[in-house]
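Please read them alongside the sequence and the coordinates.

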Amino acid sequence: MSGHVAIVGTGPAGLAAAIEAARTGARVTLIDEAPREGGQIYRQPAPELDLPPVGLPGELARKAALLAEFGTVREKLELRFQTTAHSLYPGPELQIADATASARLTPDAVILATGVGERAIPFPGWTLPGVLYAGGAQALLKAQGVRAGDRVVISGAGALPLAVGAQMAEAGAEIAALALLHSPVRLLMDPLALWAGRGIVAEGLQYLAKLRRAGVRPQTGWAAIHAHGVDRLEAVTLARIGGDGQPVAGSERHVEADLLLLNYGFTANSELARMAGAEHRYDPAMGGWLPVAARDGATSVAGVYVAGDGAGLRGALVAEAEGRIVGAAAAAHALGGQSVAQGAAEARRARQERFQRALRRTLDLPGGVWNWATEDTTICRCEGITAGRLARAFADGHLTLDGIKRSTRCGMGWCGGRTCLQATAALARAAGGDWPPAEMRARPVARPVPLGALANPADPA
């Protein structure tokens, strides 16, 4: 065997997998759409930009340590940055493209460390300019030093809204409101999990302290339910949310803002694994449609492995530990040998997974949140499909995601359904659709690439 491992993604899981695979002696190709390694959590600015670091000391120390370790094997790797992995077939056969050319790779093993996208809850006005994902605003701060707005409302669930709120305040923004669907106190339901993740808990308390110093008091049990503006965001309506997910009548509060940041969890970027034919399961709190994988990352498709949040939302510490385990296993598969045990990494993963299970309690979404959308609210942004159009499709008997796609084009746009499918599945469930929902089949060219690149193939590798 040639011992070739291709890795898609350079976040903590992808970097750790590359380190272990290279040390095992495999030939490693590393692919990422970004210009530099790091992924979202360890995103790096362009070298010529002299930007202050964004993040807490502990996170920055972990970032520096992993990037330094990656630097020890970097020269052994084939690096393909600003390159999109757009299709994956059994074999495995991985198809990639950059701005000018495309290529077909036939490695012995592929590791998908593709991470997640952010999840929003559609409501009137959520597509206005000035409404962004919280992680998108964080990426602008980290990579370009750009603060996306001046007077900011943040609405969401889980830990990311708190971190981004503190980072935006530190960058000089006025945080007009920070609304959380659930209180972080939910974590106290599992004190042993808190102890297992005590380092991350301490960082969360540091972010809360930064917010308090900036005069920000998070409102728990509240959410943004309407964004107002003509050409861009001008104001936000917040409301108290009941236990069923519905806004409490009479609780509405109007807040002027030029930026609204949203994050209600994440959606796993699992389309490549689905395209390859890997078995999947549905878990909305973990990221939606997730590849069914062994503890070493092996999927039901020979030679296809998954690692990190794309295999289930569990955070950066789990992703790095899992990357080491999966990198060693994929390299052993590629080289035809026995995988080297990763005892320390397995122990770290198990410890942090317990904490992450507790953290996911803050990401639970009651069914009523999907009713924030009105009839004319856009659900599928790429194709302009509204909640009213979906309701008519449901009434006509189209209740599966593939059926809805054929009937309305929902999920057929550039994002391939990453933005709209979880909302569509929840709305279909309320109309009588099956639960858990069957996945929408992933089509080739799962991510946008230039037609010119596809028309300019390089020699197979």
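1. Cover of helix α12. The buried residues of α12 are covered by, among others, the strands β17 (266-268), β18 (280-283), β19 (288-291) and β21 (378-380) and the helices α10 (387-395) and α11 (401-408). Helix α12 itself runs over residues 421-430 and is mostly covered, with eight of its ten residues buried. These eight are Leu421, Gln422, Ala423, Thr424, Ala425, Ala426, Leu427 and Ala428. Here buried means under 20% relative accessible area, exposed means over 50%, and partly exposed is in between (1.4 Å probe, protein chains only). Helices (H or I, at least four residues) and strands (E, at least two) are DSSP runs numbered from the N terminus.

2. Basis of the model. The model is predicted, and local features need pLDDT of at least 70, side-chain atom pairs count only at pLDDT 80 or more, while totals for chains, interfaces and linings use all residues. Residues are numbered from 1 along each chain as its sequence is written, and side-chain values use heavy atoms, with hydrogens and water left out.

3. The chain as a whole. There are 13 helices and 22 strands in the chain. The radius of gyration is 22 Å, close to the 23 Å that the globule rule gives for 461 residues, so the chain is as compact as a globular protein of that length. That radius is taken over C-alpha atoms, and the globule rule is 2.2 Å times the number of residues to the power 0.38. The C-alpha trace spans about 65 × 55 × 45 Å along its principal axes. Of the 461 residues, 55% count as buried. Among contacts with a separation of 6 or more, 68% come from residues 24 or more positions apart; contact means heavy atoms within 4.5 Å.

4. Helix α3. This helix covers residues 134-144. Eight of the eleven residues of α3 are buried, so α3 is largely enclosed by the rest of the structure. The buried ones are Ala134, Gly135, Ala137, Gln138, Ala139, Leu141, Lys142 and Ala143. They pack against α2 (57-71), β8 (116-118), β9 (131-133), α4 and β16 (259-263). After α3 comes Gly145, with a positive phi near 70°.

5. α3 against α4. The two helices pack at an angle of about 35°, and their axes are 10 Å apart. Axes are lines fitted to C-alpha atoms, for helices over the stretch in contact, and angles run from 0 to 180 degrees between N-to-C directions. α3 passes α4 in a left-handed crossing, meaning that the near helix is turned anticlockwise from the far one by less than a right angle (clockwise would be right-handed). Ala134, Gly135, Gln138 and Leu141 of α3 meet Leu160, Val164, Gln167 and Met168 of α4. The contact residues divide into five nonpolar, three polar and no charged. Ala, Val, Leu, Ile, Met, Phe, Trp, Tyr, Cys and Pro count as nonpolar, Asp, Glu, Lys and Arg as charged, and the others, Gly among them, as polar.

6. α4 against α6. Helix α4 (residues 160-170) packs on helix α6 (residues 198-213) at an angle of about 45°, with 9 Å between the axes. The pair is therefore oblique; angles under 35 degrees count as roughly parallel, over 145 as roughly antiparallel, 65 to 115 as roughly perpendicular and the rest as oblique. The crossing of α4 past α6 is left-handed. On the α4 side the contact uses Leu162, Ala163, Gly165, Ala166, Gln167 and Glu170, which meet Tyr207, Leu208, Lys210 and Leu211 of α6. These residues divide into six nonpolar, two polar and two charged.

7. Glu320. Apart from neighbours within four places in sequence, Glu320 is in contact with Pro12, Ala13, Ala16 and Leu66.

8. Backbone points to check. Most residues other than glycine have a negative phi, and most peptide bonds are trans. Gly91 and Pro92 are joined by a cis peptide bond with omega about -10°, and Pro92 sits in the loop between β4 (84-89) and β5 (93-97). A cis peptide bond also joins Trp435 and Pro436, with omega about 0°; Pro436 lies in the loop between α12 and α13 (451-454). Gln82 has a positive phi near 50°, is in the loop between β3 (78-80) and β4, and counts as exposed at 53% relative accessibility. Arg409, in the loop between α11 and α12, has a positive phi of about 75° and counts as partly exposed at 43% relative accessibility.
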